[in-house]
Amino acid sequence: MAENNSQAMFGHKVIFLNPTFVGHGEVFKDLQENEYEFYLLDDIRDLKNVLREYQNSICIAYADETMEKRKLINLILSCAKDDTVNNSIFYILTSELSAKEKKALEPAKPCFEDVIKFNPKTLFLIQDIKQRLEDKNAKGRRQYVRVSCQDDKDAAALADVGGRVYKFKMSDISIVGSACSVDTKYASFFEKGTKISYVNFFLEGKQISVANVIVYAIFEKNGATQLVLLFKNPLPDEDKIFVHKYIQNKFRDAISTIVNTHPRDTDDYTKDFAEVKDE
C-alpha cells in the first residue's frame, strides 16, 4: 500500500491523468512556476506502466468530461490491488461523485486518498491542488526541479575565469543552477567557492548568459570533474520561462518513451463495481 508520503525525502512525481479540464493551462503554468515536478498522461491504458517506472507518485485523475468515472474508479481499484503500483496515491478531480461511486472506492484506500472537487474558478482550483500536494510533501527537500541534459550532445557551457574561457558539458539544469563536467586537468581552477564572472549556457540553439556563478561543489565521476554551479542572481523572466519549458519538454519525452516501449494495459475497466468487488 501507499507509504507515508509526508516522510518522503525527495518528494513525488505528480501525474495528471486526462489533463483536459477547464483551466488546465493556468493550473500547469502555476505548478511549473512553483517548481512542482509533474507529467501529463492522456490514456488510462498507459497509467500502470508509468507508475511502475515512477514509484511513489501522486496521480490526479480528471473524471468529468471524456473519461468515464466507472473506468477510472475500476482502474484505481485495480491499482490498489497491484503491488507493482500501489505505493502511489490517487486523487480524483471531479465535480461530484455519487454515493455508489464513493462506496465503490472504499476498498481502494489508502491507495485512493480523496476527491479534489473541480472548481471552474481556476484560482481556487489551483489552491486546492497545491494544498493537496503540499500536504503530501510533493516537493520533499527539493526546492527546484532540474532535468538531465546528458542526452543532448550540444548542451554545453562556456565559463570565463580570469580572462580564460573553459568549456563544460552540461549534466543537468534548473532555474537556479547547473551541474557540468570539465576535463580533470582543469579541476584546480574550480575549487569549491570559486566565483565565475560569466557562464554562457547553450541549450537547443539558445544561449543563456548568467553572471556571478559560484562553484557550490566539486567531485570526481566517471573520469571527469563534476561541478555544481549555482546562480547568484535570479534568471531574467525570459530565460526562466525557457528553462521551465525545456524541463517540461524533457518530462513529456520521458512519458512518451514509457508509452512507446511498453504494451498497453488491456484490462476491462468498464465492468460494474459489484463485478470487480466479487473477483
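1. Surface. The protein exposes about 14,500 Å², an accessible area from the Shrake-Rupley method with a 1.4 Å probe, where only the protein chains shown count as cover for residues. Carbon and sulfur atoms supply 49% of that area. The C-alpha trace spans about 75 × 40 × 35 Å along its principal axes.

2. Confidence. This is a predicted model, in which local features need pLDDT of at least 70, side-chain atom pairs count only at pLDDT 80 or more, and totals for chains, interfaces and linings use all residues. Residues are numbered from 1 along each chain as its sequence is written, and side-chain values use heavy atoms, with hydrogens and water left out. The mean pLDDT (the predictor's confidence in each residue, from 0 to 100) is 92. A value of 70 or more is reached by 94% of the residues.

3. Overall make-up. The protein has seven helices and 12 strands. These are DSSP runs numbered from the N terminus: helices are H or I with at least four residues, strands E with at least two. Of the 279 residues, 48% are buried (under 20% relative accessible area, with exposed over 50% and partly exposed in between, using a 1.4 Å probe and protein chains only).

4. The sheet. Five strands form an open, parallel sheet in the order β2-β1-β3-β4-β5. Which strands stand at the edges? They are β2 (38-41) and β5 (112-117); each has a single partner strand, so one side of each lacks a neighbour in the sheet. From one strand to the next, the twist averages 20 degrees. Angles run from 0 to 180 degrees between N-to-C directions, and axes are lines fitted to C-alpha atoms, for helices over the stretch in contact.

5. One pair up close. Strand β4 (residues 89-94) pairs with β5 in the parallel sense over five bridges; pairing takes at least two DSSP bridges. L93 stands opposite I116, and I92 has V115 as its bridge partner. Helix α5 packs on the sheet and touches β1 (14-17), β3 (58-62), β4 and β5. The direction of α5 makes about 165 degrees with that of β5.

6. A loop residue. V145 lies in the loop between α5 (122-135) and β6 (147-148). Is V145 buried or exposed? V145 counts as buried because its relative accessibility is 8%. Beyond four places in sequence, V145 touches E35, Y36, E37, I173, S174, I247 and F251; contact means heavy atoms within 4.5 Å.
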